[in-house]
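Here is a short report on a structure with its sequence. Keep the display open as you read.

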Amino acid sequence: MPDWLRYVRDHLSLVGCPATREAEIVEELADQLEDAYQEALRLGLSDQEACLAASDHVSDWAKLAEDLRRAGFLRPQTGPKDPSSLLNRKRPTFSVELNNQFAGAYKSSIAAITSNVCQDLHYGLRVLAKNPGFGLMAVLTLAVGVGANTAIFSFVNTILIRPLPYPNADRLAIILAGQGNANRAPVSTFELFHIREQTRELDQIAGIWVTDATLPGEGDAEQVKRGVVTSNFLPLLCPKPQLGRFFRPEDEDRQQDDKHARAIILSHGVWVRRFASDPGIIGRSVRIGHGSGVVIGVLPASFRLIFPNDASVPSNVEYFDTIPVDASDPGGPEFLHLIGRLRRGSNLARAQGEGNATAAHLRSLDSKIALANFRISIFSLQADDVREVRTSLVLLFGGVAFVLLIACANVANLVMARAVRRVGETAIRAAVGASRGRLVRQLLTESFLLGLIGGAVALGIGWAAVRAILAARPPSLTNFGEIHLDWRGFAFTLAVAVSTSVLSGLVSAFSLRSLHLTRGLKDASRPVGWRGYSGPRVLVAAEVALAFMLLLGAGLLVRTFVNILHTDPGFRAIDVATFRVTAASYQALEQLQKNLLAFPGVQTVSAVSHLPLDDTGNWYDYYWKEGAPADQQNTVMADHRSTLPGYFSSIGATLVEGRDFTESDDASHQHVVIVDDVLAKELWPGATAIGQKLNISDSPGGPYQFQRDWAVVVGVVRHVQCHSLTAFVRPQIYVPYPVAPRPSMSFVIRTRVAIPELGVIVRREVAVVNKNLAVTHLESLSAVVVRAQAESRFVSLLATLLSVIALLLACVGIYGVLSCSIAQRTHEIGVRMAIGAGRSRVMTMILTDGLSPVLVGLTGGFTVSSFVTHLFTRLLFRVHPGDPANYALIVFILILVSALAAFLPARRATKVDPVAALRSE
Amino acid sequence: MSALFNRELKKGSAELLVLCFLEARPRHGYEIGKLIETHSNKRIQFRVGSLYPILCRLEQRGLISGRWVEKPGERRRRYYRITIEGRRVLCRQRTAWEEFVATINQLLSTKYA
C-alpha cells in the first residue's frame, strides 16, 4: 500500500508555510489521494494502475503549491469572515459579476503578500547559495563601490557640506586685508576700529592673533598656543562657556593696566590637563608665561577654532586673553585675523561692497596704506576654510563615484549574464505555469537581495575605510572635528546600489518579454550566452572609459607626489634635529647653543624664529629699499625670520652671496639683514644686493616692540620653502636675534645622534640654562618635511587605490563578458576548428572580440578626460594635466591589463575539442 | 455539446458547486468531488489537485469551515461544513446563476435575423 503522506511530502514544496499548517495540508491531500486509490482498486484496477490513477489527481505540484499560496494557506480562517464585498450588492449581474465577486475575494491579503515575499527571498537566497562565485563577486563588487563612496562622502559631508559648529555659521565671514603684493593679510587694531565704525552689513567684527606661550604650572613647563582676541571674539563662535563667563569690553582695558592681573579664558583641554578639571578655577590667579592671569572662564570641550590654514590660527589654542582695539596708531603692527557676522538679511556681496567703501575710507585716513592700495576682501568663513581642500575632496569624491559606476556596471553585467544563462530555467518555470509577472518579481527580488547584502558588506568596508583614511589624513583635514561613517551617505549610496542592482534585474526581466518557451527549453541543456546583446559590451566600454579617467588622474597625482619628493625645498633636512623653546632670553639661547655644540657628534647648532614648514604663527611685513619712492614703499611683503648665527649651515641652506650673521651683529652695531635671492632679484634686479640698505621692521627693545629701521644687506641666501613644499608664498628676510627677539625659537642641530638620545641631552642642557623653559616639538627636520608631503601623499595614495580598484573591476567586467561569450560560442568555435581554423586564429578572434569594447572605452575616456583634466591643475606640481607621457602610460596599462583579462578566456577557447563541441549540440 | 464542459465555465461555477454540495451536510473533500462528478454524469470532474485549493480558498474567506473528525477504526479526515455567510452567498449566487441561465436560454432560444 503506497505511503501517500510521504508521496505528498516529497512532491509538495510549501515555502513560507508554517510547519503545522503544512502538515495538515499534506495529511488532507494524502487522505484524498488514498480515497482515489481505494476507489480505483474497487473498480478493479491493479495496485500499480490504482497508484497511477490516484497520482494523476495532481499532475502539477508546483501549480498546486502556487494555488494554495494564493488561497492564503498561511493563515486559515476559522471564524466567519466579513464577506461584505459579496453581500452589499443588491443584484449581481450574471456570470461576469459572479466571477468578479469571486475574483475580488482572491485579492492577496497581507499574509499572502508576506508569504510571496518570503518565498521569493528564500528562493533568491537559495539561488545565490547555489552560485557562490556569482554571489561573492557581485556582493564584493557592490560592497567595494558603495563602501568607498560612503567613506569619502562622510568626509565630504563633514568638511564641505555640514555647517561649521558655530552659532549662525551661515552668516559668519572672514575679513582679509590686501596691501601691495599680499592679498590675504591680517589687519591692525587701527584698521579694525575703522572697519567696525563703518560697517552696517556686519553686526559683529572680532579679531584673533595666535602666538606661543609657556604654562609653567606645577609639572613640566608646557608650551601652548595663546589666542589674543577682541572681547567679542569668543561669543561669536561659542554659545556659552562651560564655566564662568566670556570677556567683556572692560576686560580689554584691564589688560593694559599693570596693577591688575589679565583676565584669561582656558580651553577645556588645558583645564582638564593642567588644572585637574577643578570647578573652583574661576577667579583663581594662574602663572602664564612671565606673568599671571585670572581665570574668568573655561570653554566647552566641543569648542575648536576652524580657520583657513594660511591664517596661522590653529585649532588647538589653549588659552585666550584680550587686547584693546586701539585707533590711535595707524602704523601699528598688523596681526589680527578678522571674522564678522552678517546682519540678518544681508549677504556677502553687500558686505563686500561696504568693505570696498571702508577700504577707500581707510586709504583716505592713512597715506601709507593708501600707497599700498589697501583693500578688504570678505568671504564666507566656511568657504574660505575649505578653500584648500575642496578641490582634493571633490576630485576624490568624483573618483569614488566613478568606482561606484564601474561597480554598478559590473553588477549589471553579472546579473544580465546570469539571467541569460538561466533562460532554460526560466522557460521551464514558465512552462509549468509561472506567470510572466511572477518570473519578473522573482528576478527583481533576487537583484534587491543582492543590493541589500552588498550594502550590508559595504557598511563594514565603509567603516574600515573611514578609519584608515582618518589615520592617514593630512593636517589640512584635521581641523574639522569628528568625522565618522555618515549614515545619510550610507543610506544614499545603498539606495544607489540597490537601485542599480534592481535596474539590472529589470533589464534582465525586460528580456523575458521575448522569451520563447520551446527555444528556451531546448537551450536549457547548454550554456546560453549574450551574443547579440549589446548591453554588456556597452557597459564594459563605459567601465574602461571610467577607469581610464581615474587612472589618468591618479597618474597625474602620483607624478606630482614624486615631483614633491624630489623637489629642492632650499634646505637639507637629513641629519637635522629640531626642538622649540619659548620665552628664553638671548643669553640663555646663546648658552644653550654653545653647550649643545660641545657634544660629540653635533656639527652645528643654531636657532630660528620660524622653522620651514612648521606651524608657528607666521610673521611678515613690508620692506623697501633705500631711495624707494613713497608709492613703492609698503608694496613688497616678505616673511620675517629671526636667527642665531650658523642657521644657514645648520639647516643646509645655500648662502649665494655675502656672509652669515656673527655674534657681533647686535643692536649696538650697524643693523644687518640677510635676504633671499627672490627678494634680492625683486629689489635690485641685475645688481648685487650686498651692501644695499633695506627698510625693515625690527624690535631691539624686545618682542612686539616694533620699529622701522634701516639695515644693510650682508648676505643673500637661496629661497627656502617655508609654507609648503610646492607653493611660493613670499620672499624672506633674516634678521639677527638681538635686533629682533622672538618669544619662541626653534633650534636646529645638524647631527647624526638619534632623536631619543639627543632628547635626553637637550632636556638636560635646557634645564641647566633655565629650568622653567619647556622643550617641545623635538623631532627630526625630515619628519617635518614628511608632514608637509602628507596632503599630496594622501591624495595620490587614495587616487591610486581608487584607480587600482577601478582597473580590477574593469578587468573583472572584461573577463566576465568574454567568458560568457566563449561559453556560448563553444559550438561555433568547434565548427571553425573542425573546418581548419588554427588555435592562433581562434585566439586572435576571441582577443579581438574582447578588446573591441576596450578600444571604444579608451576612445571615450580619452575624449572626456581632455575636457576634465584641467580640474586637477591646482593639485599638480611640475606636471601638465595634458602630459602626453601620462596618457601614453595609461593607455598602455589599460590595454595590457585588458589583454591579460581577455587572454584567459581566449586560451580556454583554443582548448575546445571540436568533436566534443559538435557532439554537445 | 462537449462531454466535458468548457474549462472556463467550470472555473466560474466551481465554488458555487462546492457550496451547493455542502448545503445539506458536512462532507470531506474527496466526497465533494465524487458527488459533483456523479450528479453531472461525469461531465464535470474535479481532480484533487484542482478541488483542494478551492476548499482552502472558501475556508480562507469564511464561507466554509473545516474540522478534523476521528472515528474509531478509521483514519481522521477533514470535514467541511457551510457557514452562515456561506449560505447567504450560496443563496445569492444561486439566484444570480438561475437568472443568468434563464437569460442565456432566452437569448439562445430565439433565432435572430
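With 17 C-beta neighbours inside 10 Å, A:Pro235 counts as partly exposed. A:Pro235 sits in helix 10 (residues 233-237) of chain A. Helices (H or I, at least four residues) and strands (E, at least two) are DSSP runs, numbered from the N terminus. A:Phe246 is 11 residues from A:Pro235 in sequence, and their C-alpha atoms are 6.8 Å apart in space.

## Where the model comes from

This is a predicted model: local features need pLDDT of at least 70, side-chain atom pairs count only at pLDDT 80 or more, and totals for chains, interfaces and linings use all residues. Residues are numbered from 1 along each chain as its sequence is written, while chains are lettered from A and ligands numbered from 1 in the order in which they are written.

The model scores ipTM 0.90 and pTM 0.64. A further score, pLDDT, is the predictor's confidence in each residue, from 0 to 100. Chain A averages 81, and 87% of its residues score at least 70. Chain B averages 84, with 88% of its residues at 70 or above.

## Two chains

Chain A has 31 helices and 22 strands. Of its 921 residues, 45% are buried. Take its contacts between residues at least 6 apart in sequence: 83% join residues at least 24 apart.

Chain B has 4 helices and 3 strands. From the N terminus on, they run α-β-α-α-β-β-α. Of its 113 residues, 35% are buried. Among its contacts with a separation of 6 or more, 46% link residues 24 or more positions apart.

## The cores of the model

A nonpolar core is a set of buried Ala, Val, Leu, Ile, Met, Phe, Trp, Tyr and Cys residues joined through C-beta atoms within 7 Å. The largest one has 163 residues. A:Ile406, A:Ala547, A:Val673 and A:Ala806 have the most contacts inside it. This core draws at least three residues from each of domain 3 (390-565 + 790-920) and domain 4 (584-772) of chain A. Those bounds come from an automatic or database domain assignment. A second, separate core has 60 residues, including A:Val229, A:Ile264, A:Ile265 and A:Ala359.

What does A:Val673 touch, leaving out residues up to four places away in sequence? Its contacts are A:Leu694, A:Ile696, A:Ala711, A:Val713, A:Ile733, A:Tyr734 and A:Val735. A:Ala711 also lies 7.1 Å from A:Gln670, C-alpha to C-alpha, though they are 41 residues apart along the chain. A:Gln670 is in the loop between strand 16 (655-658) and strand 17 of chain A. A:Gln670 counts as exposed because 10 C-beta neighbours lie inside 10 Å.

## A kinked helix

Helix 30 of chain A covers residues 884-910. Its expected span is 1.5 Å times one less than its number of residues. For 27 residues that should be 39 Å; the end C-alpha atoms are 37 Å apart, which agrees. A kink of about 30° lies at A:Phe903, shortly before the proline A:Pro905. The bend at a residue is the angle between axes fitted to the seven residues ending there and the seven starting there. Buried residues in helix 30 include A:Asn886, A:Ile890, A:Leu894 and A:Pro905.

## Two positive phi angles

Most residues other than glycine have a negative phi. A:Asp575 has a positive one, near 65°. A:Asp575 lies in the loop between helix 21 (535-566) and strand 12 (576-582) of chain A. A:Asp575 is partly exposed, with 15 other C-beta atoms within 10 Å.

B:Asn41 has a positive phi too, near 55°. Its place is the loop between helix 2 (29-39) and helix 3 (48-60) of chain B. Is B:Asn41 buried or exposed? B:Asn41 counts as exposed, because 8 C-beta neighbours lie inside 10 Å.

Conventions:
A residue is buried if 20 or more other C-beta atoms lie within 10 Å of its own, exposed if 12 or fewer, and partly exposed in between; C-beta atoms are placed from the backbone. Two residues are in contact if their C-beta atoms, placed from the backbone, lie within 7 Å.
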